[in-house]
Amino acid sequence: MPQLEASAAIDFYSEVYKDAYSRINAIVIEGEQEANENYIRLAELIPDQSEQLFSLAKMENRHKKGFEACGRNLKVTPDLDFARQFFSKLHENFQAAAAQGNIVTCLLIQSLIIECFAIAAYNIYIPVADDFARKITEGVVKDEYSHLNFGEEWLKANFETAKAELETANRQNLPLVWQMLNQVEKDAHVLGMEKESLVEDFMIQYGEALENIGFTTREIMRMSALGLSAA
């Protein structure tokens, strides 16, 4: 279990660690903020599910506050400008889809890509986190599965009419995940998180979500390859 061993050797208060953490911490803070705003927008697009979506939005806001506390605990100021730029392409794609009323694309971006990205990152981070951040992150990752489940259930119920749009949205957005992972590979390594582990966990989460929605194994492999080709 190399990652568990790595946590013992990490100096959480070194300048190198804190510099990398300023960007990674900002990414999780901004990711939760994006999710909060996205679920509020989805509540407008799916009014019959608005109560549950507003509840998810509030949960994401609580997560944001938890990760802000993680930064304060290490006396790190999150680089939020970096994080906003990091999410900018997914943010723009979500906003464009929402403006056109493309609920399926919005759900793929938020409930599948962003949630699977978050779950993978949190799963890999927990074994190498400082004690304070580990407790916060363990609580958050349990909630994220319920967010992933909302998107899965809605898309599963509407699979026949949603399938073509899901494939298009996957082709447009999945490659962005690999660009994002490449962008933070060095910082993640400083925190004890290896890119290969992040990719593997993401692919597992994303593949399972696509399977739960109704895609076949062959279709999932084809859809996943679109992302890997951009890695």
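Helices here are DSSP runs (H or I, at least four residues), numbered from the N terminus. You are looking at a predicted model, in which local features need pLDDT of at least 70, side-chain atom pairs count only at pLDDT 80 or more, and totals for chains, interfaces and linings use all residues. Residues are numbered from 1 along each chain as its sequence is written, and side-chain values use heavy atoms, leaving out hydrogens and water.

**Helix H10.** Now select residues 195–213. These 19 residues form H10, which reaches 27 Å from its first C-alpha to its last, close to the expected 27 Å at 1.5 Å a residue; the expected span is 1.5 Å times one less than the number of residues. Its buried residues include Leu198, Phe202, Tyr206 and Ile213, where buried means under 20% relative accessible area, with a 1.4 Å probe and protein chains only.

**Phe202 and the core.** Beyond residues up to four places away in sequence, Phe202 touches Ile113, Cys116, Phe117, Ala120, Leu174, Val177 and Trp178 (contact means heavy atoms within 4.5 Å). Phe202 is also among the residues that touch the most other members of the largest nonpolar core, which has 83 residues; the others are Tyr21, Leu42, Tyr125, Leu155 and Tyr206. Such a core is a set of buried Ala, Val, Leu, Ile, Met, Phe, Trp, Tyr and Cys residues joined through side-chain atoms within 4.5 Å. Helix H6 (residues 103–125) gives the largest share of this core, 18 residues.

**The cysteines.** How many disulfides does a search of the whole structure find? It finds zero, counting pairs of cysteine sulfur atoms within 2.5 Å. For Cys116, the nearest cysteine sulfur belongs to Cys106, 17 Å away. Cys116 is buried, at 0% relative accessible area, and Cys70 counts as buried because its relative accessibility is 1%.

**Thr137.** Next, go to helix H7 (residues 131–157) and select Thr137. Thr137 counts as buried because its relative accessible area is 0%. Apart from neighbours within four places in sequence, Thr137 contacts Phe67, Tyr122, Tyr125 and Ile126.

Glu60 lies in helix H3 (residues 50–73) and is buried, with a relative accessible area of 1%.

Terms used:
Helix = DSSP H or I, 4+ residues; strand = E, 2+ residues; numbered from the N terminus. Buried < 20%, exposed > 50% of the residue type's maximum accessible area, 1.4 Å probe, protein only.
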